[in-house]
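The following account leads through a protein model with its sequence and coordinates at hand. Please keep both in view while reading.

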Amino acid sequence: MFCCLFFLAIFLFSKNVKKIYRNINLGINIDRSDNQKIRFAQMLRVAFGQSKMIDKPIVGLLHIIVYVGFLVINIELLEIIVDGILGTHRVFAPFLGSFYNFLIGFFEIFALLVIISVIIFWLRRNVINIKRFLSAEMKGWPKNDGNIILYVEIILMLLFLTMNGADLWIQQNAPDYNYIKAGSFPVSQFLLPLFDGISSNIVFIIERVAWWLHIIGILCFLNYLYYSKHLHIILAFPNTYFANLNPKGKFSNLESVTNEVKMMLDPNADPFAASPSQEIAKFGASDVFDLNKVQLLNAYTCTECGRCTSECPANLTGKKLSPRKIMMDTRDRLEEVGRNIDLNKGDYKSDGKELLNDYISKEELWACTSCNACVEACPIGIDPLSIIMDMRRYLVMEKSDAPSELNNMMSNIENNGAPWPFNQMDKLNWKNEL
Amino acid sequence: MNKIEINTFSDLIKKGITPEVLFWVGCAGSFDERAKKITKSFVSILNQANVSFAVLGSEEGCTGDPAKRSGNEFLFQMQALTNIEVLNGYNIKKIVTTCPHCFNTLKNEYPELGGKYDVIHHTQFIKSLLNDGRLKVQGGSFKGKRITFHDPCYLGRANNVYEAPRELLEKLDVELSEMKSCKQKGLCCGAGGAQMFKEAEKGDKEINIKRTEEALETKPDIIAAGCPFCNTMLTDGVKNKKKEDEIKVMDIAELINQATDL
């Protein structure tokens with residue numbers, strides 16, 4: 001029974017992981033195989049070490065508690081799974097002795113801390129008016145998603161403590177069940193009075209039900225990840241590994257453009273030299289297929305915390321642009337494309353939609369000052385700016401669709417080498433004013 | 001004081017002189033009335049420190065930064081490859097510039113296109129002149145003044161230069177008071193990403209007004225900047241708040257120049 005459930009959950013989860021992997025691979029290649037040591041160190045520091053979370057000290061600390069709680073209670077999960085498969089009870093206890101008591105006590109304290117943190121998170125999202133949780137893109141599913149995660153976390157922790165409390169009661173009061181006397185229960189011992197006056201077989205049932213619901217809850221949660229913003233608990237690691245290592249001001253140079261420009265500038269170049277079979281590259285991005293794999297990984301990794309949006313100068317002054325929405329739109333579109341591929345047995349059939357216009361408007365794209373505040377703010381290395389720039393490239397180079405003032409500026413550069421209508425020959429005139 | 005001589009690279013090469021550094025003036029520094037004052041202050045500093053420098057003059061074209069950030073990679077690369085041909089033609093090794101946008105583009109985006117130079121921002125260059133003893137400042141005129149420094153995005157976040165401008169301000173014995181968002185968290189002035197050249201999208205406030213309000217909260221005598229575009233945006237912001245008589249927006253080069261000029 002347990003094995004069936006467990007392997008079914010793992011099977012469904014791995015199916016979804018494959019879909020995510022396939023969808024990310026719809027993006028274009030980008031070489032991030034360099035600097036492996038630096039990348040690994042960055043992953044350890046930023047994802048494992050949570051180094052950027054503490055930019056906001058209070059929530060950062062609460063997040064670290066939930067994160068560490070998640071990590072350490074996963075050790076207990078290992079025992080639960082082994083127990084489930086072998087039909088044993090607290091299988092690790094005899095091997096670990098007093099260290100086992102320490103571990104269980106440690107887990108219990110973290111379970112309590114997690115409950116407290118999650119309640120504060122819930123209050124922040126639902127009671128205290130925090131601007132970044134109230135933005136337009138957070139209405140509906142994103143808000144519910146955030147709350148569901150918090151409810152599940154509280155329920156799981158309560159089940160864990162109930163299970164331990166009932167276990168302790170049985171250890172003390174019902175020797176017939178032969179429960180091994182193991183574990184220390186600094187938190188769940190306070191639940192003991194609740195079980196007094198109940199017959200021991202009911203307490204046993206409570207213990208078993210809590211045990212089952214706890215593990216079933218975790219297996220469900222594992223499969224919920226695919227539909228949720230909560231994927232960051234896994235993807236934060238590859239995302240920080242593959243994050244950009246260059247100075248933030250360095251934007252990519254399009255190689256396809258370099259070749260063309262070199263040809264234009266070289267008087268000896270043969271304009272017909274380029275082989276006609278060569279596929280004409282599309283400049284910039286109008287849909288998820290034009291983004292690179294790291295950008296698509298970014299979209300799946302985003303947990304919609306909104307630290308980017310709360311630092312964005314355009315958003316702070318009431319413009320439509322929200323870097324978080326750029327990431328959410330990219331993921332929504334990518335998932336739509338993924339469903340399309342599933343329906344059409346492996347092929348994408350155009351649905352007449354694109355990331356540009358159907359999800360992200362030009363108004364949003366043109367409001368960006370390219371200041372990198374969003375990139376700096378992201379605790380897990382997501383780069384919304386690169387997507388904005390790729391979409392601007394598409395607008396300008398494929399559609400000639402820039403705001404008219406920018407077209408003026410660009411024709412000035414083209415004609416007189418400056419963004420203003422001054423003659424390049426006059427560039428040193430200031431010298432005469434000395 | 002000796003008269004400041006501005007030479008172009010081609011003039012000096014003809015005379016058989018190889019200058020120590022190229023001063024990349026930039027379009028704002030060449031044409032914008034306000035930014036020209038920064039240019040003049042900086043050349044005056046170079047002159048006092050006896051730095052052998054040259055400019056490109058009419059051979060200097062826009063680096064292509066605003067075109068690139070607008071999405072026009074073609075125009076950017078046209079500018080870049082043309083400039084690189086000139087720079088490599090003179091075998092230029094070291095470039096200093098007063099504009100963080102030129103700084104970023106030359107430093108980060110030219111190397112892949114064949115233009116590899118040692119590129120430094122003028123605040124870093126002035127700092128090295130002071131450290132090497134080639135330039136001396138007297139805190140006198142600014143002693144005790146309250147100054148807040150606005151981090152240009154393309155100097156700070158883009159390239160992690162936060163300390164050089166602050167160290168220069170400290171040398172002036174000023175009272176440096178930081179805005180609530182500064183350094184990594186510094187709020188943009190609103191000009192980057194080619195916004196300088198267009199109207200902002202619809203919103204409830206202009207970005208430069210918001211940034212100016214943050215600066216005014218520190219009750220400064222002077223708002224210091226390190227970028228000609230930030231300078232324009234903040235100057236407009238201060239005017240909008242009708243504070244232009246009490247509060248000056250000045251480039252670090254102007255402050256240092258006044259402190260050495262006594």
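Helix 11 (residues 252-260) of chain B lies across strand 7 and strand 8 of chain B and runs at about 85° to strand 8 of chain B. Here helices (H or I, at least four residues) and strands (E, at least two) are DSSP runs, numbered from the N terminus. Axes are lines fitted to C-alpha atoms, for helices over the stretch in contact, and angles run from 0 to 180 degrees between N-to-C directions. Two residues are in contact if their C-beta atoms, placed from the backbone, lie within 7 Å.

This is a predicted model, in which local features need pLDDT of at least 70 and side-chain atom pairs count only at pLDDT 80 or more, while totals for chains, interfaces and linings use all residues. Residues are numbered from 1 along each chain as its sequence is written, and chains are lettered from A and ligands numbered from 1 in the order in which they are written.

In chain B, four strands in the order 6-5-7-8 form an open sheet with parallel pairing; two strands pair if DSSP finds at least two bridges between them. Strand 6 (175-176) and strand 8 (248-251) of chain B stand at the edges with a single partner strand each, so one side of each is left without a neighbour in the sheet. Strand 5 (residues 146-149) of chain B is joined to strand 6 of chain B by two bridges in the parallel sense, and Leu176(B) in strand 6 is the bridge partner of Ile147(B). Helix 8 (residues 163-171) of chain B also packs on this sheet, where it touches strand 5, strand 6 and strand 7 (222-225) of chain B. The direction of helix 8 makes about 170° with that of strand 5 of chain B.

Further parallel pairing involves strand 1 (residues 21-24) of chain B, which is linked to strand 2 (residues 53-54) of chain B over two bridges. Val21(B) stands opposite Phe53(B) in strand 2 of chain B. Strand 1 of chain B also runs parallel to strand 3 (residues 94-97) of chain B, with three bridges between them, and Trp24(B) stands opposite Thr97(B) in strand 3.

Taken as a whole, chain B contains eleven helices and eight strands. Its radius of gyration, taken over C-alpha atoms, is 18 Å, close to the 18 Å that the globule rule (2.2 Å times the number of residues to the power 0.38) gives for 262 residues, so chain B is as compact as a globular protein of that length. Along the principal axes, the C-alpha atoms of chain B fill a box of roughly 50 × 45 × 30 Å. Of the 262 residues of chain B, 58% count as buried, that is, with 20 or more other C-beta atoms within 10 Å of their own, the C-beta atoms being placed from the backbone. Among contacts in chain B with a separation of 6 or more, 79% join residues 24 or more positions apart.

The contact between the chains takes 59 residues from chain B and 57 residues from chain A. Helix 5 of chain B gives the most to the side of chain B that touches chain A, with seven residues.

Within chain A, the domain assignment, which is automatic or from a database, gives domain 1 (33-241) and domain 2 (279-418). The centres of these two domains of chain A, taken over C-alpha atoms, are separated by 36 Å. Their contact takes 19 residues from domain 1 and 18 residues from domain 2 of chain A.

Terms used:
Buried ≥ 20, exposed ≤ 12 C-beta atoms within 10 Å, placed from the backbone.
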